[in-house]
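Here is my note for your first reading of this model. Keep the sequence and the structure side by side as you go through the points.

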Amino acid sequence: MTIDAADNINGVFRYDGFGTSWTQIRGPVTVIGPFGGGWGTLVEGTGDETGTAFGYSGTPFDWFSVGEIGATYAVSDDTVYKTPRDGSRILQFDGFDGDTPLWSKVGDSGFLAVGGFSVVAQMPDFQGDTFLYSGNPNDWERIGPKGGAYAIADTVFRTDPLGNTVFRYTGSGTAWDNLGAPPRGVLQIFAGGFGLFATAADFSGVYRFQDAGGNWQRIGDHSASCAVTDDTVFRVARDMSVFQYDGFDDSWTPIGRPDRVLRLFVASD
């Protein structure tokens, strides 16, 4: 997502995977999102489309309505979840009946945190504990206390509410591994096939968790947004251009910018 010289959100762009080539796939969207995942990309419309959420068809500027906007969202590997603006329930997108988007209730009041192989929510609101959706309607398992930031890859990651420690869910009950944190704590965490990354609370840089040594390695300058794919990680530089990690030390390759980049995310077409 990019912003213009007046700090207005002016478009959503897709990196083409080589050099500094980017393709615009949508014009302005709201500051809420975009959201990406295995299912695809979700945005909220502006102007005449205000109040409607849209999914990306895979063709630039071709988007389909998935109904009314929500308060929180999570994009999983195979669908989208949202809460209505009153946060009273969690809804799952079930496709279409003709042109009508279908949503079904799969949980009570909650605050959606992150989506991937499943979806994680804090219940009953953003002050609540951490719950993992089983995949069966209204069946959510409490897996831990409240988190501050969340990420998901092959498991769930969270920080404590103050960002002092990063935890990795073991997959059993309410057991989590303590992974420590970069010096002076964490602002955000990002995860994907390439690993687990964090931005430091003191803005000292982007850090990668080294599973073998159980420590955090600084790999680059601070970034307001990162995106982790199966084989690398991307970050936004201070000039709001994008860099791709080369996989070693603190070496990064610039891949340009379509405009000033505000937020990065990973999504399938």
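1. Start at serine 76. Leaving aside neighbours within four places in sequence, serine 76 is in contact with Gly37, Gly38, Trp39, Tyr81, Gly115, Gly116 and Ser118. Contact here means heavy atoms within 4.5 Å. Serine 76 is found in the loop between strand S8 and strand S9 (80–83). Strands are DSSP runs of E with at least two residues, helices are runs of H or I with at least four, and both are numbered from the N terminus. Is serine 76 buried or exposed? Serine 76 is buried, because its relative accessible area is 2%. The cut-offs are under 20% for buried and over 50% for exposed, with partly exposed in between (1.4 Å probe, protein chains only).

2. A word on the basis. This is a predicted model, in which local features need pLDDT of at least 70 and side-chain atom pairs count only at pLDDT 80 or more, while totals for chains, interfaces and linings use all residues. Residues are numbered from 1 along each chain as its sequence is written, and side-chain values use heavy atoms, with hydrogens and water left out.

3. Now compare another loop residue. Glycine 171 is found in the loop between strand S18 (166–169) and strand S19 (176–178). Glycine 171 counts as exposed because its relative accessible area is 55%. Proline 182 is 11 residues from glycine 171 along the chain, and their C-alpha atoms are separated by 24 Å.

4. Strand S13 (residues 119–123) runs antiparallel to S14, and 4 bridges join them. Two strands pair if DSSP finds at least two bridges between them. The hairpin from S13 to S14 passes through 5 residues. Strand S14 (residues 129–133) also runs antiparallel to strand S15 (residues 140–144), again with 4 bridges. That hairpin has 6 residues between its strands, and glycine 135 takes a positive phi near 100°.

5. Alanine 121 has phenylalanine 131 in S14 as its bridge partner. Phenylalanine 131 in turn stands opposite arginine 142 in S15. Leucine 132 has glutamate 141 in S15 as its bridge partner. How many of the residues of S14 are buried? The count is 4 of its 5 residues, and S14 is mostly covered.

6. Another hairpin is worth a look. Strand S6 (residues 52–56) and strand S7 (residues 63–68) run antiparallel and are joined by 5 bridges. Glycine 55 stands opposite phenylalanine 64 in S7. The hairpin has 6 residues between S6 and S7, and glycine 58 in the turn has a positive phi of about 105°.

7. Check the open sheet too. Its 4 strands follow the order S24-S25-S26-S27, with antiparallel pairing. Strand S24 (226–228) and strand S27 (252–254) are the edge strands, each pairing on one side only. Neighbouring strands of this sheet are turned by 25° against each other on average, direction ignored. For such angles, axes are lines fitted to C-alpha atoms (for helices over the stretch in contact), and values run from 0 to 180 degrees between N-to-C directions. Strand S26 (residues 242–245) and S27 pair over 3 bridges. Tyrosine 245 stands opposite tryptophan 252 in S27.

8. Now the largest pocket. It holds about 1400 Å³ of space. A pocket is an open set of points on a 1 Å grid over the protein atoms alone, where a 1.4 Å probe fits, with protein on both sides within 12 Å along at least five of seven lines; lining residues have an atom within 4 Å of a point. Grid points are joined across faces, edges and corners, and a volume is the space filled by probe spheres set on the points. The lining has 49 residues, and Gly36, Ala113, Val114, Tyr150 and Phe190 lie nearest the centre. Elements giving two or more residues to this lining include strand S4 (35–37), strand S8 (72–75) and strand S12 (111–115).

9. Finish with the second largest pocket. About 460 Å³ of space lies in this pocket. Of its 24 lining residues, Phe13, Arg14, Tyr15, Phe265 and Val266 are the closest to its centre. Strand S2 (9–15) and strand S3 (22–26) each give two or more residues to the lining. The largest share, 3 residues, comes from S2.
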